[in-house]
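Work through the exercises below with the model open. Try each task before reading its solution.

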Amino acid sequence: MDALNYFAMSWLSPELLALTALGTFLGIYVGAIPGLSVTMAVSILISFTFSWDVNNALCLMVGVYMGGVYGGSRTAILLNIPGAPSAIATALDGYPLAKKGLAGEAIGLSTVMSVVGGFIGILVLALAAPSIADFAITFQPRDYMMLGILGIMLVGSLSGSSLAKGIFAGAFGLLIGTVGLDPMTADERFTFGIIELWDGINPVAVMIGLFGISEALHQLQHMDKAVIKQKISRIIPRLSDVKKYLPLSVRTSFIGVIVGALPGTGGDIAALMAYDHAKRSTKEPDVAFGEGAKEGLIAPESANNAAVGGAYIPMLTLGIPGDAVTAVFIGALFIHGLNPGPLLMVEQPHMFWFTVGNLTLANIFILIFGLTGIKLFSKIVECPKGILIPLIFLLSIVGAYAINNAITDVWWMLAFGVFGYFMRLYGFPVGPVILGVILSALTDENWRRAILTERGSVIDLFAHMFTSPLSVVLLMTIVLILVTKTPLWSKVIKPKCFPNAS
């Protein structure tokens, strides 16, 4: 009974209810603006709310977090500019839907399935937090390394018609991600003596350039093309569509929860893995993936919202952040005199149930705010290209500068925009580049940690992979995915073993 009272605390207090609503509304539009990250917004809020009551502060920050994760899909669908890395996969099929005049339907469907994913993440947090936290803590550096490699294998799902071009793009992204000071030894890598490169190249600047600027440059070639009028007659998805895509949403939501619960991963990796799962498990999509498949929109949106609940699991039960935002939340809890971790569950269990209730409330507000204002928001796509293209440039420049308030990020963003334009021109996909940049740190750092634990012996590292069931499963998954990409699989094994597979 006490748990229920704490769960409903933010629902029954007008002040806490209003703060959660305000935070969610602001989070949606902060998440929609490239460069204004949720981590940045929550960090700023700490400085404003450190003197507040802890419940009031958490309500506002939780709302911004939940709303921000969802908000990145808006500009991804409308402008092909992901508002956050977790919306990269959303743009792959969301933007083609907008180009067909179905922006309203795409946003409505993504909103509902995002909320489904959010609820599943919160439900798992409430029912299985200690068990999943115990599972997450068993991951060794070698397992995180293999998780990064597994993510890199997703390059096949983002490569379009040419796997070779996708592999090249992914490898280039990995190279970009290693620029800067070595995380272990502080040695310079690919800096060429330039001090400005010591901090590396910001992934968000790369993302904005490759998606936003390259798209604007591409559109310059089609200035005479008629503007596509968006069909906004139906925003709330059909019940038949919800039933059809609900199993996929549930499956990818669980992928999001599990990946989100692994410290240092987050919604971006969860969304990419969910997109790959959707592409592999959908036998006969109505539209090809990359050309407006609804499955390619639903899977990443369900996963990245479910990853929020997953990220809270290690934070509340172990005191280990699941992603960058929950790392900021740990700081906020310390400021307010709380100690996240096992002692929090014992000494202040009410805070756990208050957080679960507050996340649930914020998820409901996502549904309310996400399904309103779509007609006005979708007018962006109907703007004449003479207005829309400068607007894309303006948003991209402001977003890149807002990352670190540094003009260097703007130059990098413009450079990668031009590079992305030529990649598109010659048929190279830009998605794998971002994938490589995002996963490079996870793979590189954990490779170094893993090899250090084995005292530099690569043989011992591979030998110990077979001593842990978790490592064996990850290794076998990597091998299986690699085999399915070979000509032998498509020409011999698949027809023989799966004669009815399409």
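This is a predicted model: local features need pLDDT of at least 70, side-chain atom pairs count only at pLDDT 80 or more; totals for chains, interfaces and linings use all residues.

Residues are numbered from 1 along each chain as its sequence is written, and side-chain values use heavy atoms, with hydrogens and water left out.

**Exercise 1.** Describe the chain as a whole.

Step 1: take DSSP runs, with helices (H or I) of at least four residues and strands (E) of at least two, numbered from the N terminus. The chain has 23 helices and two strands.
Step 2: call a residue buried under 20% relative accessible area (1.4 Å probe, protein chains only). Of the 502 residues, 55% are buried.
Step 3: count contacts (heavy atoms within 4.5 Å). Among those between residues at least 6 apart in sequence, 79% join residues at least 24 apart.

**Exercise 2.** Find the aromatic pairs and examine Tyr312 with Phe329.

Step 1: pair rings of Phe, Tyr and Trp (its six-membered ring) with centres within 6.5 Å; planes under 30 degrees apart are stacked, over 60 edge-to-face, the rest tilted. The count is 13 aromatic pairs.
Step 2: Tyr312 and Phe329 are tilted, at 5.8 Å centre to centre and 55 degrees between the planes.
Step 3: Tyr312 is in helix H13 (residues 294-318) and Phe329 in helix H14 (residues 324-335), so the pair ties together parts 17 residues apart in sequence.
Step 4: both Tyr312 and Phe329 are buried.
Step 5: Phe25, Tyr29, Phe365 and Phe369 form one aromatic cluster.

**Exercise 3.** Which ring has Lys165 over its face?

Step 1: require NZ of Lys or CZ of Arg within 6 Å of the ring centre and within 35 degrees of the ring normal.
Step 2: Lys165 lies over Phe428, 5.2 Å from the ring centre.

Methods: Buried means under 20% relative accessible area, exposed over 50%, partly exposed in between (1.4 Å probe, protein chains only).
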